[in-house]
Amino acid sequence: MELLSCISSNDGRYPMLMPSGLAMGCLGTTFHHRKKRSITIQPVQHQRNENLWSVPSLSEALQGSAIEVKVGVPNEDLPGIASSQSTAYSWVQNNIKNYPGVKWKYISAGNKIRPNLDNGGAQYARFVLPAMQNLQNSVNKFGLGIKVSIALETGICINTYPPSQGQFDPTISNYILPIVKFLVSNGLPLFLNAYPYFAYVYTPNMDIRYALFTSPNVVNMGAGGVQIVVTETGWPTAGDKATSIANAQTYNNNLIQHVKNGTPKRPGQAIETFIFDMYNENLKSQEREKHWGLFKSTGAQKYPVNFN
């Protein structure tokens, strides 16, 4: 899998065979016992975990684990890393090299940053690419073999319904295209947070079968020569329209089967995908945001998911 997703919001097996892993949010009472919870990942049979921000206790818990990990740089740290190669070296030393027993795979330079998205991240847009460059230089210098990218949400695209018509938003091409060029030239993936649930809720007259992968016409969208890693996706079980255990189970099980087949441009090449959320986050304020977990905040499984 990839890693443990901390402070992630929707507004993170052996041997490694499956394309799917889990993301784990931190705004729940189960997060108070991080080390215990990270160990429970193994019986659920995923090999990757996603961690949006670096959390020392989680890094310590993952030492010696076979789980592959993706970790993120907080948005507010990007200006310093973008402006100083030595700051980037220090970040990698403190958050990656200090935990040699962790199988680090990816670093995300920020999360959900888009110039035209009013979520507090737009101010960091100009720092994303230079921060990615300095971080990649750092992991290359240390010989770590880690890939650096940025986690974006599907708002970078337009005409997303039906899915086959999707394309990058031309109004932010000055932001997106240099990032994609850097990724392609360095063989790096683009991280994408994709939530068909929200597309269904906010798109009038959308057929829910598209969102649940039960329509025969669903098409995965590629992005030219860049590889896509879906770093967050999922479906809530309560709290709003179309939320139910049945829909969440249908979505996540169909998702796993769907991503095995790749995209029309890369048929047969499984898409790395991380289901959000591992646990309910019962400390979030909005009711819908509390119920994305495969497990309740008590640790009890809500419904089975077939990762095979």
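**Packing inside the model**

Visitor: Which elements do the buried residues of α4 pack against?
Guide: This is a predicted model, in which local features need pLDDT of at least 70 and side-chain atom pairs count only at pLDDT 80 or more, while totals for chains, interfaces and linings use all residues. Residues are numbered from 1 along each chain as its sequence is written, and side-chain values use heavy atoms, with hydrogens and water left out. Helices (DSSP runs of H or I, at least four residues) and strands (runs of E, at least two) are numbered from the N terminus. By contact (heavy atoms within 4.5 Å), the buried residues of α4 pack against β3 (68–73), α3 (78–83), β4 (103–111) and α5.

Visitor: Within what arc do the buried residues of α4 fall?
Guide: Buried means under 20% relative accessible area, exposed over 50%, and partly exposed in between (1.4 Å probe, protein chains only). In α4 (residues 85–97) the buried residues are A88, W91, V92, N95 and I96. They line one face of the helix, because the arc seen down its axis, taken from the directions from the axis to the C-beta atoms, is 95°.

Visitor: Which residues touch the most other members of the largest nonpolar core?
Guide: A nonpolar core is a set of buried Ala, Val, Leu, Ile, Met, Phe, Trp, Tyr and Cys residues joined through side-chain atoms within 4.5 Å. The largest one has 74 residues, and its largest share, eight residues, comes from helix α5 (residues 125–141). The residues that touch the most other members are L78, W91, I107, M132 and L135.

Visitor: How is α5 oriented relative to α6?
Guide: Axes are lines fitted to C-alpha atoms, for helices over the stretch in contact, and angles run from 0 to 180 degrees between N-to-C directions. Helix α6 (residues 173–186) packs with α5 at an angle of about 10°, and their axes are 10 Å apart. Under 35 degrees counts as roughly parallel, over 145 as roughly antiparallel, 65 to 115 as roughly perpendicular and the rest as oblique. The angle therefore makes α5 and α6 roughly parallel.

Visitor: Where is K112 found?
Guide: K112 has a positive phi of about 55° although it is not a glycine. Most residues other than glycine have a negative phi. K112 is buried, with a relative accessible area of 12%, and is found in the loop between β4 and α5.

Visitor: What is the relative accessibility of F213?
Guide: F213 lies in the loop between α8 (208–211) and β9 (228–233). Its phi is positive, near 60°. F213 counts as buried, since its relative accessibility is 17%.
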